[in-house]
Amino acid sequence: MAKNLEAWNPEDGEFWKADGKRIATRNLWISIPCLLVGFAVWLYWGIITVQMINLKFPFSQAELFTLAAIAGLSGATLRIPSSFFIRIAGGRNTIALTTALLILPAAGTGYLLQDPSTPLWQFQIMALLSGFGGGNFASSMSNISFFYPKSVQGYSLGMNAGLGNFGVTTMQILVPLVMTVGVFGGSALILANSSGTLIGKIPAGTETYIHNAGYIWVVILVPLVVAAWLGMNNITADHVTPGLGSTPAAFAKILGMLAIGLITASAGLWLLLPANAGGSGLELSKWIVLPLVIAATVFALRLIPGAIRRNLDQQYSIFRNKHTWAMTVIYTMTFGSFIGFSAAFGLAIKVVFGFQHIEIDGAMTHDTLNPNGPSALMYAWTGPFIGALIRPVGGMISDRFGGALVTQIVSVVMIACALGVAYFLSLAYASPTPEDYFLPFLVLFLILFAATGIGNGSTFRTIAIVFDRTQAGPVLGWTSAVAAYGAFIIPKVFGEQIKATTPEYALYGFAAFYAICICINWWFYLRRNAYVKNP
């Protein structure tokens, strides 16, 4: 088992060359696959629900959209406590335990998917627990930020986030493939509609093993937990995790704080969801409920007595820094868009291009299968793949030219692409042959994904420059927590606008938000008398 590091100063060149770089690299390369699987388990509902439609599970499209939305809200909320785990519980302790927790939703999802008559609420519980994977990003990024000097923060954080985000792509490629073989036993289900994988379409009538979508991650998670426990380090230096204490105590702190996040997320979902989907029926506005969930989580954590309360009080000082709020908005534009589009991309392709939109008796209908529609499972992985692949590049470019400048450029690109996607969505959703508009829709969406990836890397660089070493980790965790609500908001908005037959309105709203972010980024970091010129 790797030892605790009582002294750690990567800004010391001699220390970095002698031992620091080697230790940091080992921790980074264990962190990356753990984060990768976390993203996979968090966001696999976007692929699973597509296959549930193809297998005629007895749920409406709106009900299936709630599964991705529940996982999104849960994962985002769990990032709030996860933002503060490293200083309270240590890096190795945190990564090992939170990675092990992913086994619960992975195994549970696999078990439930074997029976199409499983009630919706049981899938919703698994979606809620899938949020563990979303929460892990905050603690993982905070942990890696302490290992590396500022001069390579853009690269190191871009590598951790970018390759970790490959979990989305890995899942979108692996899950459709593994569902084609009975590698984990269990009974096969028969496709009612044609399906697909990376390598081609699968005709209706084919046997499929949808439960493998959960079980495959259990097999991968077990060795990763062992590697994290044996190969990673807790940094017990004063600026990271002073007074760490025992491992059982650290685990208890993590589990207790995660429980608070699950409770507040569940309360928010109850207020949001309709009665027929397990909610209260109040269906309050997400723009009211989400701030309440965030505030309730932050407040509830502060009620924990003793050492945790004192530690959190120190870390909560980030909320008195105006740059925390500026970077929260900007990071939401980049990562929030990436993760939200990743969650919604496959199901949006299925719903918009997989059905014909035909006028019958003067009313537009959207429930006739399109025999020429593209396979959502064949294309859903492409956007997240590009966005994750290019993220370290965005970090390296920003290390050289300045994070805020790169962010400003990609923001303009994101506005242009969002408006272009909206245009082709509007045409497709009013056409009996929506596949005619799929190619420009796909190309523009891929450019949009690439821009979110580059911008995500550039925001890491800005955070590293603006905040000192005691605040940079918690700020990375906090901003990623708020941004992760994109995994809830974007599928929810897409679902609402598809139900209203105006999916293009979702993209108009996103473009307007990007324009606001351009103004904030310019005011804080690019204008002549900016608070922190970057560059």
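Modeller: The residues lining the largest pocket comprise 11 nonpolar, eight polar and six charged. Here Ala, Val, Leu, Ile, Met, Phe, Trp, Tyr, Cys and Pro count as nonpolar, Asp, Glu, Lys and Arg as charged, and the others, Gly among them, as polar. This is a predicted model, in which local features need pLDDT of at least 70 and side-chain atom pairs pLDDT 80 or more, while totals for chains, interfaces and linings use all residues. Residues are numbered from 1 along each chain as its sequence is written, and side-chain values use heavy atoms, without hydrogens and water.

Colleague: How much space lies in the largest pocket, and which residues are the closest to its centre?

Modeller: Rolling a probe the size of a water molecule over the atoms shows where empty space is left. A pocket is an open set of points on a 1 Å grid over the protein atoms alone, where a 1.4 Å probe fits, with protein on both sides within 12 Å along at least five of seven lines; lining residues have an atom within 4 Å of a point. The volume, the space filled by probe spheres set on points joined across faces, edges and corners, is about 640 Å³ for the largest pocket. Of its 25 lining residues, Ala 62, Glu 63, Gly 495, Glu 496 and Lys 499 are the closest to the centre.

Colleague: Which element gives the most to that lining?

Modeller: Helices are DSSP runs (H or I, at least four residues) numbered from the N terminus. H21 gives the most to the lining of the largest pocket, with six residues.

Colleague: What classes of residue line the second largest pocket?

Modeller: That lining has 14 nonpolar, five polar and one charged residues. The second largest pocket holds about 450 Å³ of space. Among its 20 lining residues, the closest to the centre are Trp 287, Thr 332, Gly 486, Ile 489 and Phe 513.

Conventions: Helices (H or I, at least four residues) and strands (E, at least two) are DSSP runs, numbered from the N terminus.
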